[in-house]
Amino acid sequence: MAKLFIGIALALMLATAALSFLAKGNIDKLQSTLKETKGSLSAAESKAKTAQGEAKAAGEERDAATAKAEEAAAALTAAQGKMSGLETQIAEGKVMTDTQATQIADLTKRIADMGSPTTTPSAPDPRVAELEAQLQNSQAVAAEAKQISDSLTQRMKENEVKLAAAEQKERARQQITGRAGLQGRILAVNTGWNFVVLSVGDKQGVAVNAPLLVVRGSEPIARLRITSVEPSTSIADIIPGSVRKGVSVQPGDTIIFEGRSSSTTPPATTETAGALPQP
């Protein structure tokens with residue numbers, strides 16, 4: 001009987017040792033898994049912080065571009081106002097010059113008529129001196145009016161140049177933002193340098209720095225920005241941090257140009273809104 005109890009005790013000891021060994025192995029595995037999970041969590045947090053930083057930078061860039069557009073529009077409006085004012089002043093100066101020219105002609109004729117009487121007067125007619133003084137005054141006023149008119153004309157030419165430059169900037173801005181809804185597709189993707197080749201170019205009105213959405217099906221998956229334009233193709237950079245998690249930009253994907261009134265741009269869903277920061 002004693003041997004039986006000793007055998008049972010030995011068996012229990014062996015079983016306990018085996019269970020302890022298995023438990024230790026499981027604990028080691030769990031600790032290893034925990035470390036891996038912590039590493040993955042830390043990497044995810046780092047990526048999230050990076051994406052937030054890029055989204056903030058993209059938002060600041062967008063705000064700066066909007067401020068520049070508003071500044072250009074204000075400059076255009078101011079230049080147009082100056083042009084209108086100068087045109088009015090030039091018209092008024094022309095009327096003044098024409099009036100003085102008429103008065104000078106009239107005074108000259110009257111002086112000539114009074115200086116050639118049928119009989120020679122014994123003394124100079126004081127009216128001639130008065131008319132000559134009026135003539136000199138009118139000539140001085142006419143010269144001043146001409147000088148003002150010439151100055152205004154010069155300023156108007158300068159403002160025409162400024163106005164043309166402002167209008168050109170405004171057209172360029174409208175070309176970028178006015179192509180909302182224009183669609184194309186991705187022809188090639190260079191993952192090493194993070195850019196794509198598009199099927200639309202200068203002929204379709206594509207401009208450098210224009211923002212785009214990459215759409216697959218009915219959902220946006222990434223954002224692009226035009227960097228180079230050719231007649232029928234263009235190159236765009238993939239905005240860092242804008243690619244939807246779990247997907248990649250591929251040839252054949254649809255691209256849609258964004259703008260201020262991008263009615264055809266599909267709205268970002270709750271799942272994708274965080275992955276696509278505004279450019």
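Is Ala143 buried, partly exposed or exposed, and what is its relative accessibility? With 46% relative accessibility, Ala143 falls in the partly exposed class, where buried means under 20% relative accessible area, exposed means over 50%, and partly exposed is in between (1.4 Å probe, protein chains only). Keep in mind that this is a predicted model, where local features need pLDDT of at least 70, side-chain atom pairs count only at pLDDT 80 or more, and totals for chains, interfaces and linings use all residues. Residues are numbered from 1 along each chain as its sequence is written, and side-chain values use heavy atoms, with hydrogens and water left out.

**View 1. The whole protein.** Of the 279 residues, 25% are buried. Among contacts (heavy atoms within 4.5 Å) with a separation of 6 or more, 71% join residues 24 or more positions apart.

**View 2. Ala143 on helix H2.** Ala143 sits in helix H2, residues 126-177. Gln100 is 43 residues away from Ala143 in sequence, with 9.3 Å between their C-alpha atoms.

View 3. Ile8 belongs to helix H1, residues 2-115, and is partly exposed at 41% relative accessibility.

**View 4. Asp253 and its partners.** Look in the loop between strand S5 (234-238) and strand S6 (254-257) for Asp253, which is buried at 7% relative accessibility. The side chains of Asp253 and Arg216 form a salt bridge, 2.7 Å from N to O; the term means a side-chain nitrogen of Lys or Arg within 4 Å of a carboxyl oxygen of Asp or Glu. Arg216 is in strand S3, so the pair ties together parts 37 residues apart in sequence. Arg216 itself is partly exposed, at 33%. A polar atom of the Asp253 side chain also lies 2.8 Å from the backbone nitrogen of Gln250. Other residues that Asp253 touches include Gly184, Ile186, Val214 and Ser248.

**View 5. Arg244 with Glu219.** The structure holds two salt bridges, and here Arg244 pairs with Glu219, their closest N and O atoms being 2.4 Å apart. Arg244 is in the loop between S5 and S6 and Glu219 in strand S4, so this pair links distant parts of the chain, 25 residues apart. Arg244 is buried at 15%, while Glu219 is partly exposed at 30%.

**View 6. The nonpolar cores.** The largest nonpolar core has 17 residues, and Val196, Leu198, Val214, Leu224, Ile226, Ile255 and Phe257 touch the most other members. A core is a set of buried Ala, Val, Leu, Ile, Met, Phe, Trp, Tyr and Cys residues joined through side-chain atoms within 4.5 Å. S4 gives the largest share of this core, four residues. A second, separate core has nine residues, among them Ala79, Ile90, Leu152 and Met156.

Terms used
Helices (H or I, at least four residues) and strands (E, at least two) are DSSP runs, numbered from the N terminus. A polar contact is a pair of N or O atoms within 3.5 Å; within protein, one must be able to donate a hydrogen and the other to accept it, and residues adjacent in sequence count only if both atoms are side-chain atoms. Lists of a residue's contacts leave out its neighbours within four places in sequence.
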